[in-house]
Amino acid sequence: MTDCPQCGVALMGNSFFCDQCGTLDPHSTVSSPIECENHVGQPAVAVCSVCGKPVCGDCALSRDGKFYCDTTDHITIGNEWVSLHRCQSDFEADLYLANLRSAGIAARFFSPGSHISLAWSAFDSPVRIMVKRPDRDQARQVLIRLGLLDDDIPQTSS
Ligand SMILES: [Zn+2]
Ligand SMILES: [Zn+2]
Ligand SMILES: [Zn+2]
């Protein structure tokens, strides 16, 4: 296990980017270099910490030590939304969203697989469910009550 060169967080063994800030792991075992989604042939330096889009040095936006893509509101989402849970599939994520929304909690998910599906197949929990920061505890309670979330999973990401 190595640490992220940007923010120092321990990188998960099967991940090729830092979950906290989006920096691509220079020691990653993903064989082919990941390209910027906007510029074919340009190597990506990071993935958007909201949506997972790979971006080169020209496209990456950095705010508070995290990387974002050039999609308009992703910096805002990165500041105001927190990731609540990870799922294996969009289908599963839809179930979580439906439950949260019926409890009156705004929720959305990002499926980075739509960006770099091949490379992401090495990553085991790609779909990220996000809620607004003030709703996080309430959202966790809703999912715990429904048995969709374990009570005491360690919260590693914020
Ligand atoms: Zn990092
Ligand atoms: Zn993005
Ligand atoms: Zn680019």
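**Contacts, core and sheet**

I began with Leu-24, which, leaving aside residues up to four places away in sequence, touches Phe-16, Phe-17, Ile-34, Ala-44, Val-45, Ala-46 and Val-47; contact here means that C-beta atoms, placed from the backbone, lie within 7 Å. I noted that this is a predicted model, in which local features need pLDDT of at least 70 and side-chain atom pairs count only at pLDDT 80 or more, while totals for chains, interfaces and linings use all residues. Residues are numbered from 1 along each chain as its sequence is written, and chains are lettered from A and ligands numbered from 1 in the order in which they are written.

I then looked up the largest nonpolar core, which has 37 residues, and found that Leu-24, Ala-44, Ala-46, Val-55, Ile-129 and Met-130 touch the most other members. Such a core is a set of buried Ala, Val, Leu, Ile, Met, Phe, Trp, Tyr and Cys residues joined through C-beta atoms within 7 Å, where buried means 20 or more other C-beta atoms within 10 Å of the residue's own, exposed 12 or fewer, and partly exposed in between, with C-beta atoms placed from the backbone. Among the elements giving two or more residues to this core are β4 (66–68), α2 (90–102) and β7 (127–132), and the largest share, four residues, comes from β7. Helices (H or I, at least four residues) and strands (E, at least two) are DSSP runs, numbered from the N terminus.

Next I traced an open sheet of three strands in the order β5-β7-β6, with antiparallel pairing; strands pair if DSSP finds at least two bridges between them. Because β5 and β6 stand at the edges with a single partner strand each, one side of each is left without a neighbour in the sheet. β6 and β7 pair over four bridges, and Phe-110 stands opposite Arg-128 in β7.

**Helix α2**

How far apart are the end C-alpha atoms of α2? They are 18 Å apart, which agrees with the 18 Å that its 13 residues should span at 1.5 Å a residue, the expected span being 1.5 Å times one less than the number of residues. Ala-93, Tyr-96 and Leu-100 of α2 are buried, and, seen down the axis, the buried residues fall within an arc of 60 degrees, so they line one face of the helix; the arc is that of the directions from the helix axis to the C-beta atoms. These buried residues pack against β5, β6, β7 and α4, whereas Phe-91, Ala-98, Arg-101 and Ser-102, on the other side of α2, are exposed.

Key: Two residues are in contact if their C-beta atoms, placed from the backbone, lie within 7 Å.
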